[in-house]
Amino acid sequence: FNYTQPDRYPWLFSFACRILPPTSRILSFGCSTGEELLALHRYLPDAAIKGVDINPRNVAVARARTVAIQSIGVACTGTLADEGDASYDAIFCLAVLCHGRLTARASERSAPLFCFEKFENAIDDLARCLKPGGLLFLLTTNFRFCDTRASCDFAVALSARMENLAADLIYDRDNRLMPGMRYRDVVFRKKES
């Protein structure tokens, strides 16, 4: 679902502000209409921020909202194929790697709407683009980061309080519902080589 709002995750952005260097290179994967970009800019005004989104209408709105801010760029894409390895100090992927219809339908299986393989491939790409020591922010996903092959290269940097978590359903590697599962780990630091 295409839903966002200004400063949607103040507790998460405040954490980022405290832990990231002021001049960080930041990627917002699934930046929607730019609210997240503007929030990140308010919390980290000296950071270089790039937003990407697959929806051309979202990208047009995000560009219009950020046109006067030179440190923000926006691109229309659904992959990070054009991004270099170890390019970013932080990557935000918030409410992107999930499918709203799964929760709305209380689906017992995530496939064919969304499958673990797609989630894991996206995580591999995000991890590739993150510098050693960099932070990956994942919130509101249908799968657990700890189940991915990339997770062994990361350490948990922040676990969310239960009241900060959406009620999205969580599925296992075999796309089966994990009843009652709440996954609190939301920020991960890439280990130094």
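Biologist: Which strands each supply at least two residues of the lining of the largest cavity?
Modeller: Those are β5 and β7 (185–190), each of which gives at least two residues to that lining, where strands are DSSP runs of E with at least two residues and helices are runs of H or I with at least four, all numbered from the N terminus. A cavity here is a set of points, on a 1 Å grid over the protein atoms alone, where a 1.4 Å probe fits but cannot get out, and a lining residue has an atom within 4 Å of such a point.

Biologist: Before we go on, what kind of model is this?
Modeller: It is a predicted model, in which local features need pLDDT of at least 70 and side-chain atom pairs count only at pLDDT 80 or more, while totals for chains, interfaces and linings use all residues. Residues are numbered from 1 along each chain as its sequence is written, and side-chain values use heavy atoms, with hydrogens and water left out.

Biologist: Okay, back to the cavity: how much space lies in it?
Modeller: The largest cavity holds about 170 Å³, and a search of the whole structure finds 1 cavity of 30 Å³ or more. For these volumes, grid points are joined across faces, edges and corners, and the volume is the space filled by probe spheres set on the points.

Biologist: And which residues are closest to its centre?
Modeller: Of the 16 residues that line the largest cavity, T140, T141, L165, I170 and Y183 are the closest to its centre. The largest share of the lining, 3 residues, comes from β7.

Biologist: How does that lining divide into nonpolar, polar and charged?
Modeller: The lining has 11 nonpolar, 2 polar and 3 charged residues, where Ala, Val, Leu, Ile, Met, Phe, Trp, Tyr, Cys and Pro count as nonpolar, Asp, Glu, Lys and Arg as charged, and the others, Gly among them, as polar.

Biologist: New topic: how many salt bridges does the structure hold?
Modeller: It holds 12 salt bridges, each being a side-chain nitrogen of Lys or Arg within 4 Å of a carboxyl oxygen of Asp or Glu. One of them joins the side chains of R149 and D124, at 2.6 Å from N to O.

Biologist: What about R128, which residue does it pair with?
Modeller: R128 forms a salt bridge with D125, their closest N and O atoms being 3.1 Å apart. Both residues lie in helix α5, 3 residues apart, which is about one turn of the helix.

Biologist: And how far apart are D147 and R144 in their salt bridge?
Modeller: Their side chains meet at 3.0 Å, N to O. D147 counts as buried at 16% relative accessibility, and R144 counts as buried at 18%.

Biologist: What else does T33 touch?
Modeller: Leaving out residues up to four places away in sequence, T33 touches T4, N58, V61, A62 and R65, where contact means heavy atoms within 4.5 Å.

Biologist: Last one: which peptide bond is cis?
Modeller: The bond from A111 to P112 is cis, with omega near 5 degrees, and P112 is found in the loop between α4 (100–105) and α5. Most peptide bonds are trans, and most residues other than glycine have a negative phi. A86, although it is not a glycine, has a positive phi of about 50 degrees.

Key
Buried means under 20% relative accessible area, exposed over 50%, partly exposed in between (1.4 Å probe, protein chains only). On a 1 Å grid over the protein atoms alone, a cavity is a set of points where a 1.4 Å probe fits but cannot get out, and a pocket is an open set with protein on both sides within 12 Å along at least five of seven lines; lining residues have an atom within 4 Å of a point.
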